[in-house]
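This is a walk through a structure, one selection at a time. Keep the viewer open and follow the stops in order.

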Amino acid sequence: MSEYELDARRMLCPMPVIKTQNKVKELAVGDILSVICTDPGALSDIPAWQGLMVTRF
Amino acid sequence: MTTKHKAIALISGGLDSLLAVRVMQEQGIEVEGINFYTGFCVEGHTHAIRNHDKDKQKRNNALWAAEQLGIKLHIVDVIEEYKDVLLNPKHGYGTNMNPCLDCKIFMVGKAVQWITENRKDGFDFIITGEVIGQRPMSQRKQTMPIVAKESGAEDILVRPLCAKNLPATKPELEGWIDREKMYDFNGRTRKPQMALAAKYGFTDYPMPAGGCCFLTDKNYSDKLVDLWDARGTREYEMDDIMLLKVGRHIRPKPEFKLIIARDAGESKYLEGYRKQFVTIQVVSHNGPLTMVDGDIKPEDFELAAGVVARYGQGRDSEKVEVHISVPGEDVRIMSIKPLSVEQVNEDWHV
């Protein structure tokens with residue numbers, strides 16, 4: 001299990017979502033990804049994207 | 001037992017693509033969405049930089065649409081590839097810098113590529129929310145076959161909202177979908193779409209007046225052309241196109257432009273650029289943060305500071321104190337008289 005950090009500061013949505021989406025594809029089960037954002041919209045968009053994609057695997 | 005067919009749908013976040021997918025879902029088609037981010041996309045967060053938009057719900061419309069439809073959504077960064085579409089549109093521009101027809105061909109072409117690269121997922125065809133006559137440049141009876149042909153999609157491109165006005169596609173001819181259960185929408189009216197949305201129970205859907213792209217906006221296009229003219233090249237980076245969405249743009253000299261925040265929200269956004277760009281801030285009075293784009297010489301600092309002071313609360317003062325921050329140098333402190341309205345030349349406004 002590994003921990004990763006993604007710097008999405010100053011990016012406006014949907015870029016933080018896109019970067020998260022692309023990084024998640026590289027992760028193994030159990031890995032932890034922290035995403036650092038400055039766009040408050042990421043707080044709703046990343047969970048929304050996760051709801052659509054990740055739980056469907 | 002019949003085979004379940006699968007389609008990839010271009011999702012802009014607008015009503016038409018939302019409806020097109022639902023029409024196909026009603027026919028038992030499994031759909032996944034794909035959204036292409038060009039950097040010029042209009043969406044809630046960009047607007048939310050400004051104070052007066054703070055109350056608007058912050059949401060990405062493509063994600064919202066996918067949630068409504070219960071489909072997966074793949075968001076694809078096409079910023080770099082899109083430069084060639086914008087700079088060299090084979091079919092030209094619309095009223096502003098909008099290369100709508102080339103853009104549609106590009107996006108459908110990217111969907112074709114997605115199908116090819118993800119063959120294991122078994123996509124059979126492509127869905128768009130296009131409607132004949134809806135857009136003056138890209139969605140006309142004559143352009144529909146051009147998009148299908150030049151994108152490489154050919155007969156696997158289905159437009160459920162106007163399919164009855166178009167030749168039958170492979171999914172119809174093969175019996176995967178029923179042509180009679182699709183629509184014959186035509187023209188600029190939005191009433192049929194609104195009626196269909198009501199039938200499906202969709203409410204609160206976005207209906208941006210200028211579509212989903214900043215390039216259809218005259219003010220934005222003017223700023224983009226000004227940027228290219230000033231630099232003598234049409235190259236651009238992501239930061240350039242984001243900054244065209246922010247602030248009041250004033251060009252007192254050909255070599256540099258001032259991007260003056262219009263409220264605290266924009267000031268906060270520009271703060272993120274302090275380490276890269278020269279910034280100007282009135283400190284003796286409340287005033288906006290200003291970023292300098294281009295090549296400003298020290299002898300022009302007073303002129304620039306005078307313009308900036310015009311837009312702060314000290315505009316009527318004899319003197320205001322201004323800090324000019326050049327990355328990597330000590331902050332310069334200046335005491336200057338704000339320019340008057342007449343001194344800020346009308347032609348400087350981009």
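Predicted model: local features only at pLDDT ≥ 70, side-chain atom pairs only at ≥ 80, totals over all residues.

Two domains are assigned in chain B: domain 1 covers 6–214 and domain 2 covers 246–348. Colour them separately; their centres, taken over C-alpha atoms, are separated by 41 Å. The C-alpha trace of chain B spans about 80 × 40 × 35 Å along its principal axes.

Next, show chain B as a cartoon. The chain holds 12 helices and 11 strands. Of its 350 residues, 44% are buried. Among the contacts in chain B with a separation of 6 or more, 65% join residues 24 or more positions apart.

**The largest core**

Select Ala7(B), Ala9(B), Val21(B), Met24(B), Ala66(B), Ile126(B) and Ile127(B). These have the most contacts inside the largest nonpolar core, a set of 67 residues. In soluble globular proteins, nonpolar side chains tend to be buried together.

Centre the view on Met24(B). Which residues does Met24(B) touch, not counting those up to four places away in sequence? They are Ala7(B), Ile29(B), Val31(B), Ile127(B), Pro160(B) and Ile177(B).

Move on to Ala9(B), which lies in strand β1 of chain B, residues 6–10. Is Ala9(B) buried or exposed? Ala9(B) has 29 other C-beta atoms within 10 Å; the threshold for a buried residue is 20 or more, so Ala9(B) counts as buried. Leaving aside neighbours within four places in sequence, the contacts of Ala9(B) are Ser17(B), Ala20(B), Val21(B), Val31(B), Gly33(B) and Ile127(B).

Ala9(B) and Asp347(B) are 338 residues apart in sequence, and their C-alpha atoms are 45 Å apart in space.

Then highlight residues 248–253 and 256–260 of chain B, which are strands β6 and β7. How do β6(B) and β7(B) pair, and over how many bridges? The pairing is antiparallel, over four bridges. The two strands form a hairpin with two residues between them. For one bridge to look at, show Ile250(B) and its partner in β7(B), Leu258(B).

**Chain A**

Buried residues make up 32% of the chain. Residues 24 or more positions apart account for 69% of the contacts in chain A with a separation of 6 or more.

**Where the chains meet**

Bring chain B back and select the residues that lie between the chains. On chain A, 17 residues are in contact with 17 residues of chain B. Helices α1 (15–24) and α2 (42–53) of chain A each supply at least two residues of the side that touches chain B. The largest share, six residues, comes from α2(A). Coloured by class, this side of chain A shows 10 nonpolar, three polar and four charged residues.

Technical notes. Residues numbered from 1 in each chain as written. Chains lettered and ligands numbered in written order. Contact = placed C-beta atoms within 7 Å. Nonpolar A, V, L, I, M, F, W, Y, C, P; charged D, E, K, R; others polar. Domains from an automatic or database assignment. Core = buried A, V, L, I, M, F, W, Y, C linked by C-beta atoms within 7 Å. Buried ≥ 20, exposed ≤ 12 C-beta atoms within 10 Å, placed from the backbone. Pairing = 2+ DSSP bridges.
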